[in-house]
Amino acid sequence: MTNDDDDYPDPSPEELGIGALFEEAPEPFHDLMAPPPDAMEELLPLMPQRTAAPQTWVVTVADAKFHWYDLIAGFPEVPDIRDPVGRHLRRMQFDLEATSEKRLIYFAVNRPRVRFDTTRSTSWGFFSLKLTVPLLVGPEEKKESLTIELEVPFAATLKKPSVVLTDRFITLNWGGLIEALSIHDVLQQYENQLNYKTEVQYVGQTKDPLGRLARARLTPVQRVHQKFSEDNDMLLLIQRFNVEVMSDDGDPAEMEVNQNPVAADMLLKDRIDVVECALIRYFEGPEMHGRSDKEADIRKQRLRDVQAANNLQNFRIDLRLEESGKYHDLYSRHAGVSRSHIIDCTIADGNVIITRVPDKAKP
C-alpha cells in the first residue's frame, strides 16, 4: 500500500515564492580571490602595466552619505512613488542600488533610537519659520523636542508649510512642493542638542553584482542589524575615496596605457581592497566581528599580493570631511570617538599594522 503523502511532495522554495532567500551566493570577500586563469585570458591585453618604484598612498574621503538601513531591512513593499515618503524611500533605494556597481566603502553604524512623537503637536515660533517638533529618544522613549528653522524652498507657493508627522517621517507641504524628511535627515540637517555618537559595527565594500546590500540580503550586515536593532537605529555610511599615489614613477593609473576600463578598475580594486582591510582592522579590531578564518586568510593573501604588485611601502587614511556634523563623530569598541580619524598603515606579512594619528588639541 502506497503512502498518499508521497504523491504530494513538499513544495520547493521556488514554488513558495521564497527561493531568492535561499540562493547560494558567494560571500562578498570571495571577490578578493584571484579569478581562474582561463577567465583572465581574454583580459590579458588589457591588464594594467605596473611601475617598479616604491609607492606611498594618501587616502581621503571625497564624499559621504548616510542611509537609514532600518527602512529597507524588513523586506518592505515597493514604495508608492505618488506618496512623498514613498518617493523618499525610492530615492534611497536607487542610491543604494547604484553603489553595487561602484567600489565604495560602507560602515554599518548604530545610533540610539529616535522617533517623532505623534501623540504631541508641533508648534511654530512667532513671526518666524522656527518649527518645534516633539521627539521620543532612546528605548525608554524619553520625551524631548527639537526646534528647527526652515527656509522657504524656491518652488514654494506658501509662506509656511502644513506639517504631518509619522513616527519616522515629517512631511512639509509648501503648496508647490512637498518635502519628506526622516528623523535622521532632520537630525543631520539641523542643529540640535542630542549629542549622540555614531558607533561603527561593521565595514564592507559596496561592489557586488548581486546588489545584496540594497536589498538587505547581505548576511553579515543582517546579523549586525538583528543584534543591535532593539535599542538602536542602524544606518549605512557610504564613502567614496580618493587615493593619491606618491612614487618616483608617478601614478600607474594616470599612464595612458592604463586608461582602458579593465586596467583602471583593477588598479582601483587594489586600492579599495587595501583600504577596506585597513578600516576593518581599525574599527573592528582583531576579532573582525566573527568573520571566518577563511575570510581572514583570503584578506591576508590579498594584502600580500597588492603590496607586492604595487611595491606599497605605507599609506595614510584620513576620514575627515570639510563639512561634517555630529553624525561623523565615529567610534567603535576598538577606536575612540573622533570626527578626525587619521591612521598610518603598513602591511607586514598580510597584516595591516595601524598607528592612529592623535587629534589636534582644541584651542
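**Reading salt bridges, strands and surface**

A: Begin with helix α7 (residues 293–310), which holds both Glu-295 and Arg-299, four residues apart, or about one turn of the helix. Keep in mind throughout that this is a predicted model.

Q: What do Glu-295 and Arg-299 form, and how far apart are their closest N and O atoms?

A: The general idea is that side chains of opposite charge can pair when their charged atoms come close. Here Glu-295 and Arg-299 form a salt bridge, with 2.9 Å between the closest N and O atoms. Both Glu-295 and Arg-299 are buried.

Q: How many salt bridges are there in the whole structure?

A: A search of the whole structure gives 21 salt bridges. One of the pairs is Arg-115 with Asp-233, whose side chains meet at 3.0 Å, N to O. This pair links distant parts of the chain, with Arg-115 in strand β3 (residues 114–116) and Asp-233 in strand β11 (residues 232–246), 118 residues apart.

Q: Are Arg-115 and Asp-233 buried or exposed?

A: Arg-115 and Asp-233 are both buried.

Q: Which residue forms a salt bridge with Arg-316?

A: The partner of Arg-316 is Asp-344, and their closest N and O atoms are 2.6 Å apart. This pair also joins distant parts of the chain: Arg-316 belongs to strand β12 and Asp-344 to strand β14 (residues 342–348), 28 residues apart. To judge cover, use the cut-offs: under 20% relative accessible area is buried, over 50% is exposed, and partly exposed is in between. Arg-316 counts as partly exposed because its relative accessibility is 33%. Asp-344 has a relative accessible area of 28%, so Asp-344 is partly exposed too.

Q: Which residues are linked in a network of salt bridges?

A: The network links Arg-50, Lys-269, Asp-270, Asp-273 and Arg-302.

Q: What is the order of the strands in the open sheet?

A: The order is β13-β10-β2-β11-β1-β12-β14-β15, which makes eight strands with mixed pairing. The edges are β13 (330–331) and β15 (351–356); each has a single partner strand, so one side of each is left without a neighbour in the sheet.

Q: In which sense do β1 and β12 pair?

A: Strand β1 (residues 55–68) pairs with strand β12 (residues 312–318) in the parallel sense, over six bridges. As an example of a bridge, Thr-56 has Asn-314 in β12 as its partner.

Q: How many bridges join β2 to β10, and over how many do β2 and β11 pair?

A: Strand β2 and strand β10 (residues 198–205) run antiparallel and are joined by six bridges. Tyr-106 stands opposite Gly-204 in β10. The pairing of β2 with β11 is also antiparallel, over eight bridges, and there Val-109 stands opposite Leu-235.

Q: How many residues of strand β2 are buried?

A: A general point on strands comes before the count. In a regular strand the side chains alternate between the two faces of the sheet. In strand β2 (residues 105–112), seven of the eight residues are buried, so this strand is largely enclosed by the rest of the structure.

Q: Which residues gather in a patch of negative charge on the surface?

A: The patch is formed by Glu-140, Glu-141, Glu-230 and Asp-231. Take Glu-141 as the case to look up: Glu-141 sits in the loop between β5 (130–137) and β6 (142–149). Its relative accessibility is 42%, so Glu-141 counts as partly exposed.

How values were computed: Residues are numbered from 1 along each chain as its sequence is written. This is a predicted model: local features need pLDDT of at least 70, side-chain atom pairs count only at pLDDT 80 or more; totals for chains, interfaces and linings use all residues. Side-chain values use heavy atoms; hydrogens and water are left out. Patches are made of residues with over 30% relative accessible area and no salt bridge: like charges are joined within 9 Å, nonpolar side chains (Val, Leu, Ile, Met, Phe, Trp, Tyr) within 5 Å. Accessible areas come from the Shrake-Rupley method with a 1.4 Å probe; for residues, only the protein chains shown count as cover. A salt bridge is a side-chain nitrogen of Lys or Arg within 4 Å of a carboxyl oxygen of Asp or Glu. Lys and Arg count as positive and Asp and Glu as negative; His and the chain ends are not counted. The place of a charge is taken as NZ of Lys, CZ of Arg, CG of Asp or CD of Glu. Helices (H or I, at least four residues) and strands (E, at least two) are DSSP runs, numbered from the N terminus. Buried means under 20% relative accessible area, exposed over 50%, partly exposed in between (1.4 Å probe, protein chains only). Two strands pair if DSSP finds at least two bridges between them.
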